[in-house]
Amino acid sequence: MSDVKAVGNDVFKAPDALISVDRALAFLAGQVSPVVGVETVPLAEACGRILAENVISPIDSPPFASAAMDGFAFRHADLPTAGAEATFRVSARIAAGSRERLTFGAGEAARIFTGAPVPAEFDTVVMQENCRVEATAAGEVVHIPATGTPVGKHVRQIGEDIRSGAVVLRSGHRLRPQDVAMAATVGRTGLAVHHRLKVGVFSTGDEVIEPGQPLPPGGIYSSNRFSLIALARGLGCEVGDLGNLPDRFDATRQALAEASGRYDLLITAGGVSAGGEDHVRPVVESLGVIHLWRLAIKPGKPTALGHVGKAAFIGLSGYPVAAQVTFMILARPVILRLSGALAEPMSPWRFPVPAAVDFVKTHGRREFLRVRLEAGPDGRPRARPHASQESSAVASLVDGQGLVEMKEDVRFVKAGDLVDFIPYPTVQW
Ligand SMILES: Nc1nc2c(c(=O)[nH]1)N[C@H]1C(S)=C(S)[C@@H](COP(=O)(O)OP(=O)(O)OC[C@H]3O[C@@H](n4cnc5c(N)ncnc54)[C@H](O)[C@@H]3O)O[C@H]1N2
Ligand code: MOO
């Protein structure tokens, strides 16, 4: 995020006004730009990284006309227009990798194998299963049916997949296994990619206890750092676990100020709502700026976005479900844009799925329900909301496969109506 005035200044005048998710995303799309440098990595290390160059193919692919099947290469014009089959003399054997320059006369064919170069005189390959080979005194011959193998069949033409000079991968793209394979296909050994975004993650709260410690009265085991660190790593970030902040202004201020010099983005969970012990937002305001705070989203209303010094800042709700859902919807595009992944959409893809039951919503926030997909009567998946939609109900996330988005103005969805389903992230997302 660049150092801009808060877009939501006007809404702060009305204490109950919330910023819509669309408005927040539009603001982020306009303001967040890459902050990370570029390095070259070997192809084997490139998956999951964000490309920082357009990759242009210097070659045609396939680089030569090649056989797509094991069989016989021949000149289609040598087939008779009448009669059941034609007989060709098999005058060569061409294996994949062959570099021999062979010449052929009329009525000749070549035994050829998948991936082998098709000689210039030939234009067609017939599968070996479809012809008859015969050993004669004059050598091997092959009988090829006159019909059933059209001209050009089973020959992969030069440049059929990729033309020399074509852009095969675009800058800003997050590299998947198939993309790395594409780079190799055009001969690359390394790629220019963005440095990994450095993300520091804090949890907050005096009640928050590390797993492994005895649970005191009023204590709760910390889960947020585990989910948020995993989610950020899944987006390719280099993540620092910065521990838990106590509910004290000074300690929070010192920790955020110190971390802001070492990370591109700081993420906190908890301490951003309106209570007297919620110090995170006042601390960020004292060190930098809050661009957006209080969104019309459920769960995760108190989410805050801003800057601490040069570091971008995202303050998520402490409620575990709210923290994870708002990460998926709001932190994800911020991280991708800061990381240089400009080709990624701001919002995750949604897929229409029928509702298994009636869905009711009683508020005007955009809601993300945790749902389980179950097989409907037609065998197709349909979405059933988890029994508890509380922001604290970790089981609601564990139990299902994704979220259903209910827009601000939607109050009721009938069983069988299509709803927008967003799958949960997997290890890399
Ligand atoms: N008067 C108001 N109260 C609240 C409002 C409001 O508008 N006015 N908003 C509510 C909403 S909505 C949410 S969401 C929460 C968010 O509050 P915070 O972001 O300040 O989060 P905390 O209060 O620190 O924590 C909430 C909840 O989550 C537990 N928690 C915190 N950290 C962890 C952790 N690392 N692992 C597991 N659980 C954690 C914490 O103990 C609390 O129970 O505010 C409402 N209040
Ligand atoms: O926005 Mo909160 O997560 O509803 O409790």
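Strand β13 (198-204) and helix α7 each contribute at least two residues to the shell around ligand 1. Helices (H or I, at least four residues) and strands (E, at least two) are DSSP runs, numbered from the N terminus. This is a predicted model, in which local features need pLDDT of at least 70 and side-chain atom pairs count only at pLDDT 80 or more, while totals for chains, interfaces and linings use all residues. Residues are numbered from 1 along each chain as its sequence is written, and chains are lettered from A and ligands numbered from 1 in the order in which they are written.

There are 26 residues around ligand 1, of which S203, N224, G270, S273 and G318 come nearest. A residue counts as near a molecule or strand if its C-beta atom, placed from the backbone, lies within 6 Å of it. By class, the shell of ligand 1 holds 10 nonpolar, 13 polar and 3 charged residues. Here Ala, Val, Leu, Ile, Met, Phe, Trp, Tyr, Cys and Pro count as nonpolar, Asp, Glu, Lys and Arg as charged, and the others, Gly among them, as polar.

Around ligand 2 stand K298, P299, G300, K301, S317, Y319, A322 and S391. This shell divides into 3 nonpolar, 3 polar and 2 charged residues. Two of its members, K298 and P299, are joined by a cis peptide bond with omega of about 0 degrees. P299 is in the loop between β19 (297-298) and β20 (304-308).

H154, in the loop between β9 (139-145) and β10 (155-156), is not a glycine but has a positive phi of about 60 degrees. Most residues other than glycine have a negative phi, and most peptide bonds are trans.

Helix α7 (residues 320-338) also pairs with helix α2 (residues 21-31): their axes come within 10 Å and cross at roughly 10 degrees. The two helices are therefore roughly parallel. Axes are lines fitted to C-alpha atoms, for helices over the stretch in contact, and angles run from 0 to 180 degrees between N-to-C directions; those under 35 degrees count as roughly parallel. V21, A24, L25 and L28 of α2 meet I329, L330, P333 and V334 of α7, contact meaning C-beta atoms, placed from the backbone, within 7 Å. This contact has 8 nonpolar, no polar and no charged residues.

UniProt, in an unreviewed entry, places the feature "domain: MoaB/Mog" at residues 200-337. That span is 36% helix and 30% strand, and its end C-alpha atoms lie 17 Å apart.

The pLDDT (the predictor's confidence in each residue, from 0 to 100) averages 94 for the protein, and 96% of the residues score at least 70. Over residues 2-15 the pLDDT is below 50, and this stretch has 17 contacts in the model beyond near neighbours in sequence. The model scores ipTM 0.98 and pTM 0.90.

Conventions. Parallel < 35°, antiparallel > 145°, perpendicular 65-115°, else oblique. Contact = placed C-beta atoms within 7 Å. UniProt positions renumbered as here; feature names shortened; annotations may be inferred.
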